[in-house]
Each structure stands twice: as C-alpha cells, then as structure tokens.
Amino acid sequence: MAEAAAGKTEVGGGYAKYVTGVLVIVYVFNFIDRQIVTILAEEIKADLGISDAQIGFLYGTAFAVFYALFGIPLGKLADSWTRKNLISIGLGFWSLMTALSGTARSFFSLAAYRVGVGIGEASASPAAFSMLSDYFPPRLRATVLAIYSSGIYIGAGIGIFIGGWIVDNWNAAYPDPAMAPFGIKGWQAAYFAVGLPGILMAIWVYTLREPRRGQSEGLVTEDHPHPFRETWKELMSVLPPMTLVTLTRAGGGRRVITRNLIGAALIALAAWGLILLTGDPEQWIALGIGSYAAFSWVQALGLRDPATFAMMFRSRAFIYASLGFPLISPVTYAFGAWAPPFFIRVHDVNVADAGMILGVSYAIAGWLGITLGGIASDRFKARTGNARVWVGIVSVAVSAPMTLAMVLTDSVIAAYVLNFIVSIFAACWVGAAASTVNDLVMPRMRAMASAYYILMATVGLAIGPYMVGEVSDVLASTGMDLGESLRYSLMISVGLLVFPAVFLTLLLRHLVPDEASRLERARAAGEPVEEVETAA
C-alpha cells in the first residue's frame, strides 16, 4: 500500500528540496529523450527516406497518443501506489526504449520505439506533481511545480545540444558509415548516448522517501488496499474494445453504450476523412484510437468514481483550465519540433551550431520563463485569485507577435534573439497551469487530474508538429523551397493561439469561486472529507 510505504517527511524542508532537485533531473532525462529527434530530423529523413509529415508523426503522434493513453491508468496507479517506485520503473523503461531507437532501421521500427518511450514517460509527471504537492504547502505549489517543469526546457536544450554535437562529430570521424562500429549512423549513436544513462538514474530515484498523501493540506487520505487491481480497471477503460466491457461492468446501461458507439463511429468517420485528405493513415488511426480511448475513459470515470468526475467535469474552472492552458501547446510543440530544421534550412546553419545555440537558448530561456512564471503566479495570487490565469494570457499575448517576427526575419542573429525571448514567454504558463489543475481537486485525485491535463496538452503534441510537417509537405509539392515551405507553415500555426486566449478569458470568471468551494463541492459529490491540522 502506498501510504504504508511512506515514511515521516517534513513539508517544505530540506529533504523536500532534495526530492525536487532529483525530480527535476528526471524531467530533464524525460525531455532529452523526447526532444532529441528534432535535431536528428534531417539525418533521419535522409537515412530512412521519410517526409516532413512522418517526422512530425515520430516526434508528436507516435509518442503523444500512447503517452496520453497510458497516462490515465498510470495516473491512477500514482494516486494509489508508491509514487517514487512508479517514476523509477518508468524512467528505466523509457530510457531503454530510447537506447533501442538507435537500432532502428526503418520508419516503423523507430515509430515502435517512440511508442515505448511515450508509455514509459507517462509514468513521471502525474506522480511527480502529486509527490511535490504533498512535499510543499499550497502557497508554494505553482513555484515548485514550475521548478520541476523547468526540466522541460533544460532537457530539450540538452537534447538538442548533445544530439547536434554527437552527429557532427560522429559524421566527421566516420564519413563512410560502413567504417563505423556496427555500421551505426550519427543519429543512432546519439540515441544510445542519451538513453543508457537514464537506466542508472532510475536506481537513484528508487532511493527517495515517499511523502504521506495529503500531508501538506492536513487532508486525511486512506490507503488503497488494491492499487494494481484499480489500475488494471483504469487500463481496461482506455483500451478498445475492452472499453465497452468496462462500461458494462461499471453499470453503464443501454444509453451509455449507445453514446459510446456513436462517439466511436463519429471519430472513425473523421479519421477516415482525414486519411483520404492527407494520405497519412498512421497519423489519423493513432489519433482516432487515442480520442476514442479518452472519450471512453471519461464515461467510465463518471460511473466508477463519480466524486472525481464531478470535481473535474462539473467544474467550469477545471474544464476551461484543461482546455485553455493545453491549447497553447500545439504551437509551442510545433516550434519546439521544427526550430532546428527551420534554422538549418532557412538560415543555412549546420547541425552542430544549431544544436549548440538553440540548445543553450532553450535551456536558459525556458528555465527562466517557467521559473519566473511560477514565482509570479504564487506572488500575485495573494492580490488576485486569477494571477495564474493572467500568466497564461500574457504568455499568449507576447508569444504570438514575437514568434511571427522570429519566423519572418532574414537575419539569423535576430532570429536567435527572438527565439530566446519567445522561449521565455512560451514557457511561463506551465507551472501556473499544473498548480491550477491540482488546486481544483482533492489530494487523492491529483494524479488523475494531472494525467487528464497532460492528456489534453499531449493532444497538442500529436497535432502541432504533424500539422506543420504536413502543411510544409503540401507547400513544397507546389515547387516552393523547403525552407520557405516550413517558414509559411510555422506562420500559419501561430493562428491557433486564438483558441487558448478565448478559454483563458472564460476561466477568469470561474476560477476563484470554484477554488473557494472545493471542499463543499467534494462533499456534495459524496467525497468523505476529514480536515486535520495542516503540517505547514
């Protein structure tokens, strides 16, 4: 049982800060393994003979759909089992899958390993969000989660830097790939180099102490007697066709099953139409499966855990937050995926230079933006309950014009400077979003709420990079230069930022009252709520 394994831990003390540091390193590994494909894209394209759209699929959809799909049951396991063990096992698995990516010899084998990376990485953030929420009091939550989330940009930066450096030096050492050890190409060597160290890191994570669930708020949370049984049920609720069996066993009547089948039919019809339009069956089949799994899971959650369902989906603030913040991600993921190829194609920068400059830029600017955004969210929340929402709105308002300027300039120096500024503002909303989602639910629901929020954000990863690659391919097919086709495709994607702007504006009206009524809403939903003296 999770809580039985948890020792006595101090809220906000030195050990809590130590755990935060370790989990930041875990997230760094997470994004090194996730992001390295961007700097390797041109090498992979040339070696495997694939298109921009397929690169977008490898970076985005192949990873994202399974990351999101398995995030739900692994989020349930994080809510009921020892979280540090879950993170340790997941880290070891995704690191192994990253290393095995270096053995890929085809688009489909590389896609299969990317699926494995996605499944493994799904274990980390819901469990980490939940652990850190128990290690620190609510007044510091946005800051702490922002510090943890800084691993996104540090890892992305290191991944781009290391990937570019390894490819450049490997190709210089072995200009004839046949002379390289085992015939390994530069991009394959990069995967081996970043994957294997994560297996050792997993051992370190296993040594962490588990905090008592709910200790930071004085809300008693009982142990769950059968965590793996509940996780299995959750997994069955997202794996077609077991979704229908799960709904039936959970008490879903004819009306629920009918709605599920109608939803499945509509998703299949939409996927079929998009396959005919784009000619990319792997993209839309994978996204269709993920969409149906998410739809089925929400139905099952309403039947099996009505209190959690109510806290999430009967709260307008939660709905707007889980739409408004994640809808920023299609654009940020698209630029994260395509910035290295953009600089290589448009500004004729070599792989090593692009990796070094963009890697350092992402690491510093992303860390700065995400940390300052979290601090500002917590600092100004005392003045206005909507401080975290305003951080998101400012992120969108500043990022959009600065991104367009970066894409349009013909000066490589100006583009690098603008990319640095964009990276600051594009990162500042992440801690605010994670803390907002966690503040709207009860402690036992945090990992599940975080998993759903991450699922929504991951939709952006599945759509943004692929969409930019697809539009780039279409424009290139008209005879447009490959650099210009990518430039115009990135410009078009910036228009998607209108959607998060709308939902975050709606969130301003509902966040404060829904946060204030959290305990009342929980009791009304049938959740037993026992308050004790808070630990901090």
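This is a predicted model: local features need pLDDT of at least 70, side-chain atom pairs count only at pLDDT 80 or more; totals for chains, interfaces and linings use all residues.
**First stop: Thr61**

Select Thr61, whose place is in helix H2, the helix that covers residues 52-78. With a relative accessible area of 0%, Thr61 counts as buried, because the cut-off for that word is a value under 20%.

**Second stop: helices H14 and H22**

Next, select residues 316-324, which form helix H14, and residues 498-516, which form helix H22; the axes of these two helices come within 8 Å and cross at roughly 150°. That angle is over 145°, so H14 runs roughly antiparallel to H22. The crossing of H14 and H22 is left-handed.

To look at the residues that meet here, show Arg316, Ala317, Tyr320, Ala321, Leu323 and Gly324 on the H14 side, and on the H22 side Pro500, Phe503, Leu504, Leu506, Leu507, His510, Leu511 and Asp514. Sorted by class, this contact of H14 with H22 has 10 nonpolar, 2 polar and 2 charged residues.

Stay for a moment with Arg316, which belongs to helix H14 and is exposed, with a relative accessible area of 53%. Not counting residues up to four places away in sequence, Arg316 touches His510 and Asp514. If you draw a distance from the C-alpha of Arg316 to the C-alpha of Leu511, it comes to 8.0 Å, although the two residues are 195 residues apart in sequence.

Move to Pro240 and Pro241, which are joined by a cis peptide bond with an omega of about 0°. Pro241 lies in the loop between helix H9 (227-236) and helix H10 (242-249).

Then select Phe182, in the loop that lies between helix H7 (151-173) and helix H8 (186-206). Phe182 is not a glycine, yet it has a positive phi of about 60°, and it is exposed, with a relative accessible area of 79%.

Finish at Asp348, which is found in the loop between helix H15 (329-346) and helix H16 (351-381). Asp348 has a positive phi of about 55° although it is not a glycine, and with a relative accessible area of 69% Asp348 is exposed.

Note on methods
Residues are numbered from 1 along each chain as its sequence is written. Side-chain values use heavy atoms; hydrogens and water are left out. Helices (H or I, at least four residues) and strands (E, at least two) are DSSP runs, numbered from the N terminus. Buried means under 20% relative accessible area, exposed over 50%, partly exposed in between (1.4 Å probe, protein chains only). Axes are lines fitted to C-alpha atoms, for helices over the stretch in contact, and angles run from 0 to 180 degrees between N-to-C directions. Angles under 35 degrees count as roughly parallel, over 145 as roughly antiparallel, 65 to 115 as roughly perpendicular and the rest as oblique. A crossing is left-handed if the near helix is turned anticlockwise from the far one by less than a right angle, and right-handed if clockwise. Contact means heavy atoms within 4.5 Å. Ala, Val, Leu, Ile, Met, Phe, Trp, Tyr, Cys and Pro count as nonpolar, Asp, Glu, Lys and Arg as charged, and the others, Gly among them, as polar.
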